[in-house]
Amino acid sequence: MFVDTLAKADLLTLDPREVRGFPDTLDDTNVGGRVDAGYRFGGFSGGPFVEPLATIAVAWANVEGFTKDGNTVEFDDDPNVRGRLGLRVGTSMAAWDGATFEPFLIGSVWSTLGGTNSATLTSLGTTFPTFSDESTDVWGEVSGGVNFFVPSKQTSVYAKVNVSFGEDLDGIGGKAGMRYNW
């Protein structure tokens with residue numbers, strides 16, 4: 001069984017210069033966390049494995065409001081909560097002396113469990129109904145990747161490609177890196 005956690009904070013400056021009526025910059029602070037959990041069946045001494053996966057992630061975005069030419073815009077700070085259920089299948093085999101090679105495929109279903117992107121506009125004393133942008137409720141993700149482990153060196157190298165799809169959503173992403181365990 002594994003449980004991985006991630007805490008993250010982003011201190012950003014948004015650049016809406018090309019958007020009419022917005023200031024040159026807006027400050028944005030994002031804080032969040034993510035927990036991924038799963039259990040591996042098989043593959044510990046080589047051979048195929050299956051891993052049911054679950055994820056819960058939450059993020060709070062605080063975009064600076066502004067006033068310009070008698071108009072005030074305030075952005076909502078609701079947390080965005082997402083969850084995932086997935087399944088990873090792959091195989092584990094010796095790559096070279098002391099190294100393990102693991103190619104894998106992951107199929108996942110993600111869902112927005114809470115949170116809405118919204119803003120309130122007040123113009124010359126009149127507050128308009130809140131503008132909101134609903135997130136996609138459910139979407140899928142298919143991933144493929146590879147891990148190389150060298151347990152004696154406490155290191156691993158990985159690469160992964162993700163394809164996301166759903167109503168009003170499609171995208172391709174990837175990541176690669178190296179881990180050191182202590």
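The legends below describe close-up views of a predicted model.

View B. At least two lining residues of the largest pocket come from each of the strands β1 (2-14), β2 (26-38), β4 (47-63) and β7 (80-96).

View C. About 360 Å³ of space lies in the second largest pocket, which is lined by 21 residues, with Val63, Phe75, Asp76, Asn117 and Ser118 nearest its centre. Two or more lining residues are given by each of the elements β2, β4, β9 (117-123) and β11 (131-133), and the greatest contribution is that of β4, with 4 residues. By class, the lining of the second largest pocket holds 10 nonpolar, 7 polar and 4 charged residues.

View D. Asn80 belongs to strand β7, and because its relative accessible area is 17%, which is under 20%, Asn80 is classed as buried. The side chain of Asn80 makes a polar contact of 3.2 Å with the side chain of Arg82. When neighbours within four places in sequence are left aside, the residues in contact with Asn80 are Ala57, Val58, Ala59, Thr112, Gly114, Gly115 and Ser135.

**View E. Leu124, a loop residue with positive phi.** Leu124 is located in the loop between β9 and β10 (126-127), and its phi is near 50°, a positive value in a residue other than glycine. Leu124 counts as exposed because its relative accessibility of 74% is over 50%.

**View F. Gln154, in the loop between β12 and β13.** Although Gln154 is not a glycine, its phi is positive, at about 60°, and the residue sits in the loop that lies between β12 and β13. The relative accessible area of Gln154 is 37%, a value between the limits of 20% and 50%, and therefore Gln154 is described as partly exposed.

Terms used
Residues numbered from 1 in each chain as written. Predicted model: local features only at pLDDT ≥ 70, side-chain atom pairs only at ≥ 80, totals over all residues. Heavy atoms only, no water. 1 Å grid on protein atoms, 1.4 Å probe; cavity = no way out; pocket = protein on both sides within 12 Å on 5 of 7 lines; lining within 4 Å. Points joined across faces, edges and corners; volume = space filled by probe spheres on them. Nonpolar A, V, L, I, M, F, W, Y, C, P; charged D, E, K, R; others polar. Buried < 20%, exposed > 50% of the residue type's maximum accessible area, 1.4 Å probe, protein only. Polar contact = N/O pair within 3.5 Å; in protein donor to acceptor, adjacent residues only side chain to side chain. Contact = heavy atoms within 4.5 Å.
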